Amino acid sequence: MRLGLLGSTGVVGSVVGEVLAARGWSWVDIDLRDPSAGLGQVEVVVLATGGDLPGTRETVTTALERGVHVVDVDREVGHLDWLQRQASGSGAPAGGNPSGAWVVGAAGVRFAVGDLLAGLAAELVAAPADLHVAYTAGGGRTLVTPGERRAERAALGRPAQALQGHQPVEEHPGEVRRLAWFPRPVGPAHAAAVPGGEVLTVPLHRPELAAIRTYEALPSWRAELLQARANLARTRWGRRVLTRRLQGRVPRPGPARRAGQRWGCVAEVAGRGELGRAWAYGHDPVKVTAALAAELATRLAAVAAVPGQGGLRAPSQVAPASAVLDAIADATDLRWSRTHVDLPDR
């Protein structure tokens, strides 16, 4: 079997190629200008371009028509929503997705790690009800690649989607705050709600969860700035200003800079009088994203496309969450754990 790779010359894509080569895979370089030329040779295609590009959409559409599984690392929630509609047939070409191909979106540190940890935390609770997922960049910048910048531009002015009482609700970034319990060396941190992919992926394997939100750990002044920026992006003038600021060139991060960037994620699932908490942390989110994409693609390569059984799949549905995280830990410095907490009576 062979894998396809779109965006092999990019920051993330080049590392995905290195990981696949280290695993002994021969991969086909998919051309963004003519994706159909290479998709006939592969069973799975990894999309590592970042940003909701026309060529990326064409690749997804063609892959679904041909029964090729898709693993997409794009972290833009609007793109993940489009993937879900394409994979299910809503808004897709006539006939939808009859090929049975699977689509795994948001397959990087954000938001695959949150999805995997959410499943592990929920296993610790008898009656899981509420999920809160929080990320931290260790005080460093979170936008380090051109693809992430494109995703940020695409999200300007869009409200974040959360789940409350099993119903989707729209909230602008920073409107909801909470205390997130990260492990040491981060520790407890104030966090502000941000757009997250978990609201779309986690219900696929944990439909009993009534509330789902994603957060970013930020000091209070940055949380206020986030909310002010979100309010500015709701105006036409504000979006123009912010778009211009995000259109500057992004220096390509080298291995040393990537290795110095710390990241962390914690998922907390609350039930009746108890809480399950799962966390992961490490360095070099680009390498972790590449390892996740390669691991998910490798596992999907063994899954036959069955007509009528395709659609969006959460990372936790591709393989057991613990197995995926253990595989990433073997390839990177990722570490993870989980614990059960009895909540005090109120």
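Two strands count as paired here if DSSP finds at least two bridges between them. Keep that in mind for the views below, which come from a predicted model.

**View 1. A six-stranded open sheet with parallel pairing.** Reading across, the strand order is β2-β1-β3-β4-β5-β14. At the edges sit β2 (27-30) and β14 (311-312), each with pairing on one side only. Zoom in on β3 (residues 44-47) and β4 (residues 69-72), and you'll find four bridges linking them in the parallel sense. Within that pair, Leu 47 stands opposite Asp 72 of β4.

**View 2. The largest nonpolar core, with its 57 residues.** Val 45, Leu 117, Leu 131, Trp 263 and Leu 292 touch the most other members. Zoom in on Trp 263 and leave aside its neighbours within four places in sequence: its contacts include Val 109, Val 113, Tyr 281, His 283, Pro 285 and Leu 334. There's also a second, separate core of 26 residues, with Leu 5, Val 19, Ala 301 and Val 318 among them.

**View 3. The second largest pocket, holding about 650 Å³ of space.** It is lined by 40 residues, and the closest to its centre are Val 12, Ala 48, Thr 145, Gly 147 and Glu 148. The elements that give two or more residues to this lining include α1, β2, α5, β6 (130-136) and α11 (285-300). Which element supplies the largest share of the lining? That's α6, with five residues.

View 4. Arg 110 and Phe 111 are joined by a cis peptide bond, with omega at about 20 degrees. Phe 111 belongs to helix α5. In the loop between β5 and α5 sits Ala 106, whose phi is near 50 degrees, a positive value in a residue other than glycine. Is Ala 106 buried or exposed? Buried means under 20% relative accessible area, and Ala 106 has 3% relative accessibility, so it counts as buried.

**View 5. Another positive phi, at His 166.** This residue isn't a glycine either, yet its phi is about 70 degrees. His 166 lies in the loop between β7 (160-164) and β8 (167-171). With 44% relative accessibility, it counts as partly exposed.

**View 6. Strand β13 (residues 274-283) and its antiparallel partners β12 and β15.** Eight of the ten residues of β13 are buried, so the strand is largely enclosed by the rest of the structure. With β12, β13 pairs in the antiparallel sense over nine bridges, and Arg 262 stands opposite His 283 in β13. The hairpin of β12 and β13 has three residues between the strands, and there Gly 273 takes a positive phi near 75 degrees. With strand β15 (residues 335-342), β13 pairs in the antiparallel sense over eight bridges. In that pairing, Arg 277 stands opposite Thr 339 of β15.

Notes
Residues numbered from 1 in each chain as written. Predicted model: local features only at pLDDT ≥ 70, side-chain atom pairs only at ≥ 80, totals over all residues. Heavy atoms only, no water. Core = buried A, V, L, I, M, F, W, Y, C linked by side-chain atoms within 4.5 Å. Buried < 20%, exposed > 50% of the residue type's maximum accessible area, 1.4 Å probe, protein only. Contact = heavy atoms within 4.5 Å. 1 Å grid on protein atoms, 1.4 Å probe; cavity = no way out; pocket = protein on both sides within 12 Å on 5 of 7 lines; lining within 4 Å. Points joined across faces, edges and corners; volume = space filled by probe spheres on them.
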